[in-house]
Amino acid sequence: MITKFIKRIFRRDPMIRHTVAHSSGSPKRIPKKTHRIDPHLLSKNAVKVTQTLQQAGYDAFIVGGAVRDLALGIGPKDFDVATNATPEQVQKLFRKARLIGRRFQIVHVTFFGKGQPEIIEVSTFRALLENAGEHLAENGRILRDNVWGSQHEDAARRDLSINAMYYDPATETILDYHGGMADMQKKTLRMIGDPTKRYREDPIRMLRAIRFAAKTGFTLDEATRAPIAKLGKLLNDVPSARLFDEILKLLMSGYSWASIQGLKEAGLHHGLLPLLDHILDESADSKEANDFVRIALANTDQRIQSGKSVSAGFLFATLLWPDLLSNWKKNIAKGIANIPALHDAMDETIASQSSGMVIQRRFESDMREIWSMQPRFEKRVGRYPYRLIESPRFRAGYDFMLLRCASGEKNPALGEWWTNFIASDPAGQDDLMAGIKNEVGNSAGPAKRRRRRKAKSALPTEGAAD
Ligand code: ATP
Ligand code: MG
């Protein structure tokens, strides 16, 4: 698998054509009064790119997801431009332009302004597979991908009709090759061409279709939806890094819960995406797990929709928590002490994912930190809480613990106590600590705790960040 992946990355395409073919197939021209795109939603830099290219005699349009979002009245998060200029020709026109990619070269044009630099991705129209002399793998997947073509061909290679519209800011006109605007009005998502063939070429398109259905609230056209259940297994052949990226996009779309329901309805089920198995599982045993994950995803969606950041490590820590919890319990039942049982469970849980999607290392360390902090929230004695709030990742661990309370796994009083503890001044914190000591009949009461601390003194401390 790894060698296959490396080979693919390093494959260079010998078939780059340096002239761009003439366009055939005429698009529908959609005027402003129909598409009603608000020019204020446009990126000035994207407009600068199309203008510069047009002034140099090339065709240039804003394309893809940005046009879809603009036509929906949403401000796009990034802007792509498509042109008939080759990457080298594009590069010559801009001061800060970099050629990116081996398999399919594109140009990143960077603009520096007040805030973050903005990158406009400029790609040259791509040829259709059959015209590019490309080869498909036996299962129909695209192997070679770097031949320039006409705008008409470029449109036909895109996935959904609503993602295949070209907007010219100069004339405020959309060029629509595949009835994207009509589909948008019908609130329909339709794969361009024969959906089965398109999914075989690139199985990721199935996940994209489901993600956009969740995001737009549109319905998948029957011919687009129907083959997914049967072809879902093709996702097994997608390099795991790409699958991981796509799942991450789906989970971070702000519509993760709806997307996951969409995966389920489309028949993308067990074994394909081990990380999602629990969420897709309807059995009674998994009710608690489902509740936790549902609350966590709803919380993530809310944060993203209100423009807040979400860490992928946090997100994966929540998705794998049900697994972790059951491994932890099993280890304790085997007689392993609480904290080592948790650490073993973390190893087991992460290892169990490697058969499908590889969780990248940078997320793994965040996950471990959040998980290993959890028992520390229950240790409300001595200086422990004071030290815990000083951990660099305290906030993530605390948010995670609140989710456990919200799902009923932990008593909500624990979350409230911590919320008060964070908000209090030192005297107030001391009062809260004293309050714990005075709780009569509390299993975490003082006498029992003192005894336990002595007995456990040989155990390793639990916090990774301590
Ligand atoms: P967003 O960026 O909001 O997730 P997007 O549609 O812009 O959505 P990108 O991944 O940025 O998604 O892709 C830009 C465009 O490239 C798409 O709109 C689509 O036209 C085309 N595209 C992307 N991925 C594929 C694919 N797997 N198959 C065919 N066309 C694709
Ligand atoms: Mg995009």
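Author: With surface. Accessible areas come from the Shrake-Rupley method with a 1.4 Å probe, and for residues only the protein chains shown count as cover. Here the chain exposes about 22700 Å² of accessible surface, and carbon and sulfur atoms own 51% of that. Before going on, note that this is a predicted model: local features need pLDDT of at least 70, side-chain atom pairs count only at pLDDT 80 or more, and totals for chains, interfaces and linings use all residues. Residues are numbered from 1 along each chain as its sequence is written, chains are lettered from A and ligands numbered from 1 in the order in which they are written, and side-chain values use heavy atoms, leaving out hydrogens and water.

Reader: What share of the residues counts as buried?

Author: Buried means under 20% relative accessible area, exposed over 50%, and partly exposed in between (1.4 Å probe, protein chains only). By that rule, 48% of the 466 residues in the chain are buried.

Reader: How many helices and strands does the chain have?

Author: Both are DSSP runs numbered from the N terminus: helices are H or I with at least four residues, strands are E with at least two. The chain has 23 helices and 10 strands. Now contacts, meaning heavy atoms within 4.5 Å. Among contacts between residues at least 6 apart in sequence, 67% join residues at least 24 apart.

Reader: How do I read strand pairing?

Author: Two strands pair if DSSP finds at least two bridges between them. Strand E2 (residues 60-63) runs antiparallel to strand E3 (residues 80-83), with four bridges. Phe61 faces Ala82 of E3 across that pairing. E3 also pairs with strand E6 (residues 118-124), this time in the parallel sense, again over four bridges. There, Ala82 is opposite Ser123 of E6.

Reader: Is Leu189 buried or exposed?

Author: Leu189 counts as buried because its relative accessibility is 0%. Leu189 sits in strand E9 (residues 188-189). Beyond neighbours within four places in sequence, its contacts include Leu160, Ile162, Phe212 and Asp221. The C-alpha atoms of Leu189 and Asp221 are 5.7 Å apart, though 32 residues separate them along the chain.

Reader: And where is Ile74 found?

Author: Ile74 lies in the loop between H4 and E3. With 37% relative accessibility, Ile74 counts as partly exposed. Setting aside neighbours within four places in sequence, Ile74 contacts Leu41 and Asp69. From Ile74 to Leu41 the C-alpha distance is 7.7 Å, across 33 residues of sequence.

Reader: Which residues come nearest to ligand 1?

Author: A residue is near a molecule if one of its heavy atoms lies within 4 Å of it. There are 17 residues around ligand 1, and Arg68, Asn163, Asp202, Arg205 and Arg211 come nearest. Helices H4 (65-71), H9 (204-216) and H12 (240-251) each give at least two residues to this shell. H9 supplies the largest share, five residues.

Reader: What classes of residue make up the shell?

Author: Ala, Val, Leu, Ile, Met, Phe, Trp, Tyr, Cys and Pro count as nonpolar; Asp, Glu, Lys and Arg as charged; the others, Gly among them, as polar. The shell around ligand 1 holds 13 charged, three polar and one nonpolar residue.

Reader: Which atoms of the protein lie beside those of the ligand?

Author: Look for polar contacts: pairs of N or O atoms within 3.5 Å; within protein, one must be able to donate a hydrogen and the other to accept it, and residues adjacent in sequence count only if both atoms are side-chain atoms. A polar side-chain atom of Asp202 is 2.8 Å from a nitrogen atom of ligand 1. An N or O atom in the side chain of Arg158 is 3.0 Å from an oxygen atom of ligand 1. Overall, the protein covers 81% of the 590 Å² of accessible area that ligand 1 has on its own.
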